[in-house]
Amino acid sequence: MNDVEKSFVELVNSISKHCSKSRAKLLLSFVMQERIKEGLLACPASSSKAYHHCFEGGLLHHINQMIKITLCMRDCGEPIANRITAENLVTVVIIHDLHKVCDPYGNSYYVTNLLKSGKVSEPKPFRICLLYTSDAADE
């Protein structure tokens with residue numbers, strides 16, 4: 001099992017640990033959908049190498065880190081986070097960047113970069129997200 005696959009297992013475990021059975025069932029059925037799971041395993045979190053987690057599986061890594069951070073804030077008594085249930089924090093963290101995986105119709109935003117030789121090049125960010133970044137002209 002590679003690091004990205006381990007990150008996916010970590011996400012599944014976080015959902016199971018912090019969510020009620022009914023919420024966990026909904027979230028797990030969602031992240032296990034083929035297009036969502038594949039996107040999470042492949043997509044970077046950022047559309048620029050100048051920003052965080054711009055690597056294959058970076059979005060999944062980002063989501064797992066955000067779950068840990070928000071739960072820590074809650075457990076440490078951060079006034080705003082302290083009033084939100086762990087279940088809701090985990091849910092919001094999971095869905096806050098899912099637009100990077102696919103659009104509402106299931107169309108992927110991730111673009112695999114194939115070289116003329118047929119080999120896959122270094123993972124690149126989403127083309128769609130370049131519209132929203134300040135360094136889009138650099139790409």
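**Setting up.** I worked with a predicted model, where local features need pLDDT of at least 70, side-chain atom pairs count only at pLDDT 80 or more, and totals for chains, interfaces and linings use all residues. Residues are numbered from 1 along each chain as its sequence is written, and side-chain values use heavy atoms, with hydrogens and water left out.

**Counting.** How many salt bridges did I find? I took a salt bridge to be a side-chain nitrogen of Lys or Arg within 4 Å of a carboxyl oxygen of Asp or Glu. The count by this rule is 3.

**E10 and K68.** I looked up this pair and found its closest N and O atoms 3.0 Å apart. E10 sits in helix α1 (residues 3-18) and K68 in helix α4 (residues 58-75), so the pair links distant parts of the chain, 58 residues apart. Helices here are DSSP runs of H or I with at least four residues, numbered from the N terminus. I noted E10 as partly exposed at 26% relative accessibility; the classes are buried under 20% relative accessible area, exposed over 50%, and partly exposed in between (1.4 Å probe, protein chains only).

**R23 and E87.** For this salt bridge, I read 3.7 Å between the closest N and O atoms. R23 belongs to helix α2 (residues 21-31) and E87 to helix α6 (residues 86-95), so the bridge ties together parts 64 residues apart in sequence. Is E87 buried or exposed? I found E87 buried, at 18% relative accessible area, while R23 is partly exposed at 24%.

**R74 and D75.** Here the closest N and O atoms of the salt bridge are 3.7 Å apart. I wrote down R74 as partly exposed at 26% and D75 as exposed at 61%.

Definitions and conventions
Helix = DSSP H or I, 4+ residues; strand = E, 2+ residues; numbered from the N terminus.
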